[in-house]
Structure formats: structure tokens, C-alpha cells
Amino acid sequence: MDRFQHYIDGAFEDAAHSFESLDPATGKAWAVMPEAREAEVERAVAAAHRALHEGPWPQMTASARGKLLYRLADLVAEHAGRLAELETRDTGKIIRETSAQIAYVAEYYRYYAGLADKIEGSFLPIDKPDMDVWLRREPIGVVAAIVPWNSQLFLAAVKIGPALAAGCTLVVKASEDGPAPLLEFARLIEKAGFPAGVVNVLTGFGPTCGSLLTRHRDIAHVAFTGGPETARHVVRNSAENLASTSLELGGKSPFVVFADADLESAANAQVAGIFAASGQSCVAGSRLIVEASVKDRFLSILKDKAEAIRIGSPQDRETEMGPLCTERQRRHIESIVEQSVAAGARLVTGGSTPSGSGYFYPPTILDCTKIVAESVRQELFGPVLSVLEFHDEEEAVRLANDTPFGLACGVFTQNLTRAHRLSKRIRAGIVWINTYRAVSPIAPFGGYGQSGHGREGGLAAALDFTKTKTVWLRTSDEPIPDPFVMR
Ligand code: TXE
């Protein structure tokens, strides 16, 4: 079996404890992963804390930090093939998607490399004639970056890139499910030449690693992507160290199709929105809200497309949908689909677990019109689309907003003024009009409500990894007057 190591304080090391990682396509163990517990967490945070305050990193100019990030971007591009193979092996995500996504991850590092020396302070037009006052932007401190198993390299890049551009140091915790690509990525951190301790990468379980890390006294900021329940733990832990948090928690995103939409194009976007990555995507467009007059036609196009999806080995370049990442995840999906069907949802396609090895689940469409179905309410994180219908724009908006989440939404219509209206009225951090699942390092990403807070991507994300320091300089040579009056 393959063996992976932690990367702490510039060195690769085994851990006292380890666990086996399963290949989701076969259900068989294929690699041994190190398991971080208290000792490793302590050493990783201490290394990051030291690197933040001592040694070459805090002395480095922002341009020099940018150059290291450019080098990292080149290395990610160069090694994208190997990283993609590992992600596919360890998480079951198809090789077509991991290859394309990791090649694009390099662009995130490139974007933040360019930003490193553009994070500027400012000079204040202060209301006192004998004072100069300016703001310095300083790194927020040691960052704990916690990622889930889906798109680990991507979700880590949107944290590591801006944090390094801002001059922070990090402890990155890979998910216990499918940690291989992120542990391997640590080799590129070393190769790029980042000083020891600037980026530490470990993996472990929630209670014995994640929890210790997020409440550690030397952690200043927690950048978290995962489920809402875990996020509540993270926020409770932040009451101990008073760390700031950014939370990206997934959603139950509406996909609104009006009768005037290009239905063929909308159906392709819907397939991308719910069946790509087997639906294991935070922005999955899992609630189709379709105008009643075209519902049957749209569902028939979708059904054909869903049933034509090539399901198979994630390693095969022809495969369009692979397995789910874990058996736990598949059981969860099965149970919600069963409950929804029992409540009266109509199965348009899919809905039954295939026999054989691996954690496969078919593309599934559930017509949930006029019933209360769990699949409409809960984030399933799987290839399950719940369908609702509307009769006018008001009803479309009401259904779209009928969720505690608010990460993304899709709006499909040829009517430009209506598209503008909906972009304002739907409560979500991202609105895609006549497209879906597009991302870029330049565009902020994040949600409303139970989808979390904070934004990843874009300039503002780098500023979130800084804090301002206000510096006062008295420019008068006269002695300070009355010491008992604040001035
Ligand atoms: O996430 P978890 P999981 C949703 C999705 C999915 C559900 C659970 O619905 O089915 O969340 O997924 C670490 N303190 N999304 O189990 O458990 C954990 O080790 C600190 C939405 O993958 O939240 C892992 O590294 N950390 C989504 C990370 O948190 C803790 C992405 C995420 O694990 C911890 C993933 C603790 N107490 C899931 N407990 C999206 N936005 O893409 C666990 N962790």
C-alpha cells in the first residue's frame, strides 16, 4: 500500500498513529495515512507561529512572497497530472474533472502571487495638524485552513493563496476522507522554497485533530469549508481563542428555468450543476424550479441526458460520473431518497443503488411538486435533483428563497430585465444567469445564511487575511502640551 506523511516545520514525517484510506471505486484500502493528534497539532501550530515571527518569512518583501507563490503555481501546473491521479484514486472524483480542476488551481496561486505586492496600507487625512497617521496592513496571524474531501486542492488553494499573499503562515488540515492529494501537494510547498513552518500540512479526525487545531490559542483565523454542523463546532471553539472565522458550508441551490429559456442549454447546465462530481459540490444546483408550462418537456430532456451519463471507473477518461466518496455518504443519500419517495415524490429516473463494489449511486431525479420532501430541504451532496414547479415570477422567487441556505443559484431566461430582477431578489452569494458552476480566482465566492460567511477568491479575500495597524506620528517639535487632555 502507498504511504503518506505529514509536513510539519519543513520536514516530512510519519505519525504515531495512522489509518487506511479506501478507494471509493472498489471499497478497498489502498494507502496508509498519518493521523495527527494533539502532539502533531501542537508542533504544527508552534512551527507556524515561529515562522510568522522569526526567520526569513516576516523579513521578506511582499514581492518576494509573490515570487514564491508564482513558483508554487508553476509547480502545481507541472505536477497537475500526478495530483489529479491521487485525488481521483482517493476520492473517486473522475479524472477528467480532477485534471482540469487542478490545472486551474495553478491559476489561483498565480492570481494571489500577483496580488501579494498590491495589498496596500493607507494614509489618513487626519483632523489634527501636527500628526501623520497611516494604516499598515499586517498578516492576521497563524491560519488554520480546514478542508473537506471534495476538491481538496481547490478548496485549500482559495485559503493558502490569499493567506500567503498577506504574509500569514498556516496549518492546513486535509480531510480524513481522501487526504492523499493535499499531503502530496506539501512536496510542492517544499520545492517552491517556502521557509520551514510557513505551510504545514496534516490530516486527522474532527474531534482529535480539527477541534484541537481550531481552538488552539495561537490560531488567529480559521478558514473552514465543510458541513454546517461542523461549522458550529468551529464557531464555538473560536470562543476560546477568539479567532476570526470564514465559513463556506454548501447549500441547496435553486436552478430556476423559465419557459422562454433555451431548454437544451439549460438542461446541459443542470446536468453540470447536479451530476458533475456526482453532485458532491457545494454549489450543486439541487433544486430545479421550472415553469409549469415547460416542466414535462424539460424533464424529458433531462431524463434522457441523465440516463445517457457514462458511469464507471473514475480513472477512465471516458467516464462522466464516478462513485461517491464514502459509503457513509451513499447511505445518507439512499435514506433521504427513500423518505422522499415514501412522502410522495415521483422518481423520474435513478433512485436505486447498483450492486457490485464501489460507492456508486445513479443520477436521480425526483419530482417533488406539491409534497413536502426531505430531498428538497436537506443538502444531500450527491447526484439527486429535486424538482418543483412555478406559475409566475413571484412564485419562482418565493420557492428559490425557501431555504435556510444561500450559496448559489442559476437563472435561465431570455428576458434580460427579468434576469436582472431575479439577480437582486434571490438571496444567494453567487447568481449565474444562463450558465452554471463557473468559477474564477478573480470572482468572490461564498454564501448567505446557513451557507456561511466570508468570501473566497478576489482581492477582498486577501484583505480578510490581514489586520490593520494604525500608526500615529507627531510631526511637531514643540513639547507635548497639557498631558491631562487627550488630543
Ligand atoms: O464535512 P465535515 P464532511 C456538507 C455536505 C456533506 C456534509 C458533511 O452536506 O454531506 O457537509 O461532509 C473537519 N472541528 N459539505 O463530513 O464533517 C473534518 O475533519 C474542526 C459541504 O466531509 O464538515 C474535515 O477536514 N474540524 C461542503 C472538515 O472539517 C472538524 C463541503 C470538513 O468535514 C471537526 C463538504 C471539528 N469538530 C461537506 N469535525 C462544501 N461547502 O463544499 C470535523 N472537522
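**Helix crossing and sheet arrangement in the predicted model**

Helices α14 and α15 cross in the right-handed sense (the near helix being turned clockwise from the far one by less than a right angle). The structure is a predicted model, in which local features require pLDDT of at least 70 and side-chain atom pairs pLDDT 80 or more, whereas totals for chains, interfaces and linings use all residues. Residues are numbered from 1 along each chain as its sequence is written, and side-chain values use heavy atoms, with hydrogens and water left out.

Helix α14 spans residues 393-400 and helix α15 residues 416-425; their axes come within 11 Å and cross at roughly 30 degrees. Axes are lines fitted to C-alpha atoms, for helices over the stretch in contact, with angles from 0 to 180 degrees between N-to-C directions. The pair is therefore roughly parallel (angles under 35 degrees). Contact (heavy atoms within 4.5 Å) joins Glu-393, Glu-394 and Val-397 of α14 to Arg-418, Arg-421, Leu-422 and Arg-425 of α15. By class, this contact comprises five charged, two nonpolar and no polar residues (Asp, Glu, Lys and Arg count as charged; Ala, Val, Leu, Ile, Met, Phe, Trp, Tyr, Cys and Pro as nonpolar; the others, Gly among them, as polar).

An open sheet of three strands has the order β1-β5-β4 and mixed pairing. Helices (H or I, at least four residues) and strands (E, at least two) are DSSP runs, numbered from the N terminus, and pairing requires at least two DSSP bridges between strands. The edge strands, β1 (2-3) and β4 (17-23), each pair on one side only. Strand β5 (residues 28-35) pairs with β1 in the parallel sense over two bridges; Arg-3 has Val-32 of β5 as its bridge partner. Helix α4 (residues 80-91) packs on the sheet, touching β4 and β5, and its direction makes about 105 degrees with that of β5.

Key
Angles under 35 degrees count as roughly parallel, over 145 as roughly antiparallel, 65 to 115 as roughly perpendicular and the rest as oblique.
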